[in-house]
Amino acid sequence: MTPLELLLQQLINAVSIGSLYALMAIGLAMVFGILRLINFAHGDLIMVGSYVALLLMGLGFPFLAAAAAGIAASTIAGLIMERVAYRPLRGAHEISMLLTSFSVTIFLENLAIILFRPTSRPFTAPPILRSVIERGQLRIAGLDLIAIAVTAVLLLCLTLFVRRTDTGIAMRAASQDMLAARLMGINVNRVIAAAFAIGSLLAGVVGLLWSARVGKVDPLMGFNPVLKAFVASVIGGLGSIPGAVIGAYVLGALEILLQGLLPSALTPFRDAFVFAILIALLLFRPNGILGSTEREKI
Amino acid sequence: MEPSAPQSPSSLPVRLAAPAALLALLAALLAAAAFLAGDYVQRIVIIIGINVVLVVSLNLSNGFTGVFSLGHVGFMAIGAYTASILTLPVNLKAVNLPSLPGWLGHLALPFLPATLIGGLVAAAVAFPVGLSLMRLRGAYISVATLGFLVIVQVVLVNWDPVTRGARTFAGVPGFTTIGNAWIWAVAAIYVVWRIGSSAFGRGMRASRDNEIAALSLGVNVLRARLLAFCVSAFLTGAAGSLWAHFITSFSPKSFSFTQAFGIITMLVIGGMGSVSGSVIGVVLITVLSELLRNAERGFDLGALHMPPLYGASQILMAVVFVLVIVFRPAGIMGGREIDIRGIFRRIVPPKRGRKAA
Amino acid sequence: MLALELVDIYYGHVQALAAVSISVRDGELVTLLGANGAGKSTVLMAVSGIVRPRAGSVRWNDTDLAAASPYAIVGLGVIHCPEGRRIFGGLTVLENLRMGAIRRKDRAAVRSDMEYVFSLFPVLGERRHQSGATLSGGEQQMLAIGRALMASPRLLLLDEPSLGLAPLVVKEIFRVIRELHRRGVTILLVEQNVRQALTVADRGYVLSSGRVTLAGTGAELRANPEIEQAYLSTAPEATR
């Protein structure tokens with residue numbers, strides 16, 4: 001492969017995986033921005049959407065219909081999660097909310113284990129998602145291109161939403177100053193529900209793309225992605241949506257870079273390096289790349 | 001800890017009476033379990049002892065250092081693997097860990113030194129980790145500790161020559177008994193309790209969430225917190241060794257996030273900042289989850305037949321956890337300690353002639 | 001009309017307000033004066049629903065505000081412009097104003113209200129696409145008031161609009177407050193700048209340690225020797 005082809009290949013890999021992280025990280029960032037809650041159960045929304053889609057495909061539904069149902073299922077699950085687990089805890093201590101999100105994770109994962117057995121099930125994506133374009137030595141997966149395209153469209157829609165619509169602007173307002181938002185009469189419940197709905201919808205999309213990518217679903221599939229999404233958010237500065245997106249692509253690039261640069265004996269340790277870099281990053285810039293270097297004022 | 005009620009100045013023997021009685025009671029219970037109870041109950045008693053060490057040491061970290069560590073299980077893994085590698089009989093080492101460096105390959109240490117070394121290695125790792133974590137705040141810390149856990153997991157799974165990678169690490173000698181597990185438990189309780197009730201400890205706890213208050217306590221705050229974090233890691237590592245030599249075979253999967261969550265559940269339900277709360281939390285949750293796990297296998301209650309529902313116990317635990325957080329976030333003890341001396345005084349009233357307290 | 005009657009408010013164990021009775025009739029501008037910590041902001045928060053009284057009643061016309069949510073209270077036209085401005089720094093001036101009007105359905109009226117705000121505060125019009133964080137303190141205060149006006153308030157609660165602002169800017173702010181008063185907006189104004197507050201107020205109350213210690217018309221208060229001594233004297237020993 002010429003160096004240019006290699007670069008292109010790796011670039012597409014990085015942007016593709018970065019796109020998936022971005023869609024995940026946005027959900028985390030939105031919820032954190034408004035509620036100061038790190039919703040670890042966000043990862044399980046990937047799992048919910050994937051299993052619903054898998055079930056429907058097993059029943060004979062075409063992929064697009066099953067996918068739509070999966071995304072809908074994730075969205076609904078996210079809204080239920082907000083209403084049942086998080087609303088009673090509004091205003092509680094940060095740590096309490098974090099712990100509750102872990103409980104929700106345990107709940108959902110074990111529910112899936114009960115319903116579907118702990119082992120993974122194969123997820124067969126339709127041919128277009130399994131296609132590969134070959135030009136000389138270059139192999140580009142159709143899935144990567146679709147992931148990038150879908151993400152671009154969703155990002156555009158999201159940008160329009162937070163800039164043009166009342167609810168979107170209200171979401172930004174609430175994440176900056178919740179009290180002032182309430183004093184303006186912003187319907188905080190609705191804004192929070194909207195944040196959860198959007199994040200969960202994006203998670204549903206990620207679920208399908210992720211399952212297609214690895215070819216299987218299992219009850220614990222959400223844990224690693226949500227941790228990566230969190231890393232992405234932290235890199236970009238927790239709570240900032242643009243930061244989450246940038247952080248996600250940085251993370252994707254970092255992963256691909258490490259994959260290529262690490263000697264083959266060390267490549268299995270790639271994830272360890274990623275997290276070590278995260279911790280090192282937090283040492284110097286506790287508020288992320290886009291955040292300020294000051295400690296938060298008390 | 002709240003200061004106990006003002007007491008008449010008492011001599012050492014009187015002050016020691018209550019804790020001594022408690023210890024005697026504990027020893028009696030443990031002896032009864034060791035000699036009279038069946039295998040199953042003995043196993044539960046050992047598990048409770050190990051969990052006490054785990055939860056009490058986590059209390060030390062969360063309650064004092066402001067590091068709400070979600071990844072403490074990583075230290076447990078370090079202690080477990082280190083100690084097990086050291087105690088594994090030489091012939092088994094030759095078979096299972098052929099690539100160990102020579103000197104290690106010919107070494108088979110007894111239980112206590114191996115456990116101590118396991119704890120020390122964990123504490124040594126905790127030093128740089130703690131140093132980085134102390135600079136962070138709030139939720140960032142917790143997720144960074146999860147990152148630490150992932151690092152540990154990745155290393156364990158991939159460092160084949162030393163850890164056997166993802167494969168089961170078996171053949172660990174079953175050194176853990178009710179006796180030594182509970183000696184560690186009592187020691188851990190004592191250490192954490194002493195740190196907690198010292199003036200330094202009280203100050204740490206008060207300043208845990210408030211940096212300015214912490215700074216006003218003096219420059220040494222960071223060093224002190226780091227020390228507490230390392231002590232906590234040491235105890236957790238030792239508990240890891242205890243657990244490894246109880247269960248005799250394990251793999252990296254045993255040190256998962258679910259394990260971490262179980263320990264945190266016990267901590268939260270008992271109440272953070274309270275050592276007696278931790279003990280209560282451990283006993284309650286361990287017994288409860290055992291009962292639930294038995295129920296999971298399905299049971300017959302007269303005409304009612306419950307099919308196996310693996311994972312149901314976890315779900316129930318998660319629900320209980322959320323309920324506690326919502327309705328009683330301070331836990332059962334609410335951060336206070338049981339007043340042992342007070343209870344003792346009520347059972348054994350002071351002799352006439354001494355001032356009543 | 002707004003009526004607080006014998007209101008007690010506690011923060012935990014600390015009593016912030018004791019038996020406070022205050023009224024504001026339609027079209028009036030009533031000012032609350034007093035030192036820091038006297039409880040003035042607490043009164044406003046009781047009206048907007050942020051804090052709840054332990055005793056006493058807070059009524060706006062026929063509605064019991066003490067039992068209503070902040071969301072519902074805003075729906076009644078009671079708008080609280082909080083202390084410290086609290087504009088949305090990451091949003092533009094235009095977006096801030098839009099948020100003020102978020103509950104309103106009458107688009108044409110909203111548009112004309114926005115033009116009115118720009119006529120009151122021309123500098124906001126110039127900076128309409130700038131983000132709130134880049135505005136000066138005075139401009140942010142203007143934006144906060146403008147944002148409150150966008151909600152078409154029937155009762156406007158202003159908390160220390162002059163805080164931290166240069167004298168010239170303060171004059172400008174009070175010019176606008178006077179204009180709003182002239183237009184008939186009912187205003188409850190909390191201020192530490194007693195001199196300015198008494199030039200616009202119809203009536204006023206003085207709060208001290210959570211109790212109403214003085215009440216009267218603007219003229220009465222201006223003439224009151226205690227107030228003269230405590231707040232309006234330029235002699236050094238009169239500082240609080």
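In which sense do strand S3 and strand S9 of chain C pair, and over how many bridges? The close-ups below, all taken from a predicted model, begin with that pair.

**View 1. Strands S3 and S9 of chain C, side by side.** S3 (residues 29-34) and S9 (residues 203-208) of chain C pair in the parallel sense, and 5 bridges link the two. To find your place, look for Val30(C), which stands opposite Arg203(C) in S9(C). Strands of a sheet pair through backbone hydrogen bonds, either parallel or antiparallel.

**View 2. The open sheet of chain C.** Here 6 strands are laid out in the order S6-S7-S8-S3-S9-S10 (chain C), with mixed pairing. The edges belong to S6 (78-81) and S10 (211-217) of chain C; each has a single partner strand, so one side of each is left without a neighbour in the sheet. From one strand to the next, the twist averages 15°.

**View 3. A helix across the sheet.** Helix H1 (residues 40-48) of chain C lies across S3, S6, S7 (155-159), S8 (186-190) and S9 of chain C. Against S7(C), helix H1 of chain C runs at about 150°.

View 4. Now we move to chain A, where Ala174(A) is found in helix H7 (residues 166-176). Is Ala174(A) buried or exposed? Ala174(A) counts as buried because 26 other C-beta atoms lie within 10 Å, and the cut-off for buried is 20 or more. Leaving aside residues up to four places away in sequence, Ala174(A) touches Ile34(A), Ala181(A), Ile186(A), Val188(A) and Val191(A). Phe230(A) is 56 residues apart from Ala174(A) along the chain, and their C-alpha atoms are separated by 21 Å.

Conventions. Residues numbered from 1 in each chain as written. Chains lettered and ligands numbered in written order. Predicted model: local features only at pLDDT ≥ 70, side-chain atom pairs only at ≥ 80, totals over all residues. Helix = DSSP H or I, 4+ residues; strand = E, 2+ residues; numbered from the N terminus. Buried ≥ 20, exposed ≤ 12 C-beta atoms within 10 Å, placed from the backbone. Contact = placed C-beta atoms within 7 Å. Pairing = 2+ DSSP bridges. Axes fitted to C-alpha atoms, helices over the stretch in contact; angles between N-to-C directions.
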